[in-house]
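Please examine the model shown below together with its sequence.

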Amino acid sequence: MPPVFNQTVRGMRDFLPQDAKRLRFIEQIARETAELYGYEEVITPAIEYYELLAAKIGEENRKRMYVFEDLGGRKVALRPEFTASIARLVATKLQSAPKPLRLFSVGSLYRYDEPQFGRYREFWQANFELFGSTMPEADAEIISLIDSFLRKIGLRNYCFKIGHVGVLRGIFSQEGIDEEKQNRIMQMLDKKEWEEAIRLMKEAKSSLACLDLLKKLLGTSGSDPASVIKEMREIVDDYPSAIEAVENLNEILDLLKSGGLKTEILIDAGFARGLEYYTGSIFEVYVPEMDIALGGGGRYDRLVELFGGGKVPAVGVAMGMDRISIALEKQGAPTSWGVSERLLVIPVERSMLGEAFKVASMLRENGFSAEIETMGRSVTRALSDADRRGITTVIIGPKEMKEGKVVLRHMIKRKQMTVELDELLEKIKEQTC
Ligand code: AMP
């Protein structure tokens, strides 16, 4: 047999039932959170024009796109993120939609990353974006939304890391460093390649004072907003637009605090993210068990305009569902994700199959997950299978059926009783609670 028949393509994964259930559970909570916050779902295609996706994704991600020519000769790519597609929508079909516009999307994304722990070539994100507001309350809303989402999922001990690209970009611009070079420096900072970032700054002829200031900013972080903000203000004193960025960050932090956010926030002045479109606050989420981010986002006020949609400021976040799933597992969260009571309906003999189908349908209509014995096994063998799986059985026998009754057998409690069909639902509920 050729090896391609018995394995997945490198970086691609199968989700077996337990993993699929966990991923869908995360998706369900993401959707519920979106509804609670007024974010409406949109579904965009997995394939888009390469130029759209490549426009502002940043060099690192651009190199990792799955790009191909379709049969019509179009240069297309598998989406490596949602934001470009959503911004395209806002610039076109949703251009006249009233603002603020709150959008939610969920699905799989593709990046030719080197597969490793928490990094795959096909992965899943839940994405929340708020369009139309430049106000700090929009940034604060997105961060509180992530907080509610992760809390609802049952994640513990997570924390936020927050920064503001306006601080560094403000300094770079005042130093006369062009946008392309700025992007390269930000990429290096994102990869924590400080030396290379400094080298690029020297290459761009930035002043010695500025190099010194960058080094200071890179060392400025902490969980006490007042002291970190004070330090940042002092460092960027001579750079007006960097000061503006620090004040904006301060307002967001203030709002989060007065809004009751209890989660720890690490403020990091030298924090950068690889995506090029960020213009303001940026944030990521971490758990102590993992050193890779579970999600990240920020403000991007110019992307919609770049796609021809006029000035529409935006802030958004992408939560990595695969990494949230790993974090839940590492934290020992329960593994039975919202499973309804499962039942196996066993006909005593083949002539009772029709009745078994009817009873199973009735159970399903009432919200129970009911399987039918489909292997043609004897009652004893079907029961031992149910025993192994720890599920309750409903046994359909001719004698009982004639009297309008069935046998209900609770596997874990090892209790068996004959019950009226009319009372079956009640009895199952009684037994299983
Ligand atoms: P980004 O779009 O790069 O800001 O990523 C947002 C989130 O998506 C990250 O924090 C991860 O949780 C997730 N993510 C990004 N790339 C991958 C990948 N290759 N494999 C798994 N998750 C990823």
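Gly 222 stands opposite Ile 267 in S9. This bridge belongs to the pairing of strand S8 (residues 221-222) with S9, which is antiparallel and extends over two bridges. Two strands are said to pair if DSSP finds at least two bridges between them, and the elements themselves are DSSP runs numbered from the N terminus, with helices (H or I) of at least four residues and strands (E) of at least two. Strand S9 (residues 265-268) is also joined to strand S7 (residues 159-164), in this case by three bridges and in the parallel sense. Within that pairing, Lys 161 has Leu 266 of S9 as its bridge partner. In general, strands of a sheet pair through backbone hydrogen bonds, in either a parallel or an antiparallel manner.

The model is predicted: local features require pLDDT of at least 70 and side-chain atom pairs count only at pLDDT 80 or more, whereas totals for chains, interfaces and linings use all residues. Residues are numbered from 1 along each chain as its sequence is written, and side-chain values use heavy atoms, with hydrogens and water left out.

As a whole, the protein chain contains 17 helices and 17 strands. Its C-alpha atoms fill a box of roughly 95 × 55 × 45 Å, taken along the principal axes. Of the 433 residues of the protein chain, 52% count as buried, a term that denotes under 20% relative accessible area, with exposed meaning over 50% and partly exposed lying in between (1.4 Å probe, protein chains only).

Two open sheets may be considered next. One consists of three strands in the order S2-S4-S3, paired in the antiparallel sense. Its edge strands, each pairing on one side only, are strand S2 (47-49) and strand S3 (67-69). From one strand to the next, the twist averages 40°; the axes behind this value are lines fitted to C-alpha atoms, for helices over the stretch in contact, and angles run from 0 to 180 degrees between N-to-C directions. Strand S4 (residues 75-78) is joined to S3 by three bridges in an antiparallel arrangement, and Val 67 stands opposite Ala 77 in S4.

The other open sheet has five strands with mixed pairing, ordered S14-S13-S15-S16-S17. Here the edges are strand S14 (369-372) and strand S17 (415-420), each of which pairs on one side only. The twist in this sheet averages 25° from one strand to the next. Strand S13 (residues 342-347) pairs with S14 in the parallel sense over four bridges, where Glu 371 of S14 is the bridge partner of Leu 344.

Which residues come nearest to the ligand? Of the 16 residues around the ligand, these are Arg 111, Asp 113, Tyr 120, Gln 125 and Arg 273; a residue is taken as near if one of its heavy atoms lies within 4 Å. The residues of the shell divide into six nonpolar, five polar and five charged. In this classification Ala, Val, Leu, Ile, Met, Phe, Trp, Tyr, Cys and Pro are nonpolar, Asp, Glu, Lys and Arg are charged, and the others, Gly among them, are polar. Strand S6 (122-131), strand S11 (295-299) and strand S12 (314-320) each supply at least two residues of this shell.

A polar backbone atom of Tyr 120 is 2.8 Å from a nitrogen atom of the ligand, and one of Leu 294 is 3.0 Å from a ligand oxygen atom. Gly 295 places a backbone N or O atom 3.2 Å from an oxygen atom of the ligand. Taken alone, the ligand exposes 480 Å², of which the protein buries 94%; accessible areas come from the Shrake-Rupley method with a 1.4 Å probe, and for residues only the protein chains shown count as cover.

Glu 122, found in strand S6, counts as buried because its relative accessible area is 17%. Its C-alpha atom is 6.4 Å from that of Ser 108, 14 residues away in sequence. Ile 143 is placed in helix H5 (residues 136-153) and is buried, with a relative accessible area of 2%. The C-alpha atoms of Ile 143 and Gly 298 are separated by 9.4 Å, although the two residues are 155 apart along the chain. Thr 220 is located in the loop between helix H9 (208-218) and S8, and its relative accessible area of 1% makes Thr 220 buried. The side chain of Thr 220 reaches the backbone oxygen of Lys 216 at 2.7 Å.

Methods. A polar contact is a pair of N or O atoms within 3.5 Å; within protein, one must be able to donate a hydrogen and the other to accept it, and residues adjacent in sequence count only if both atoms are side-chain atoms.
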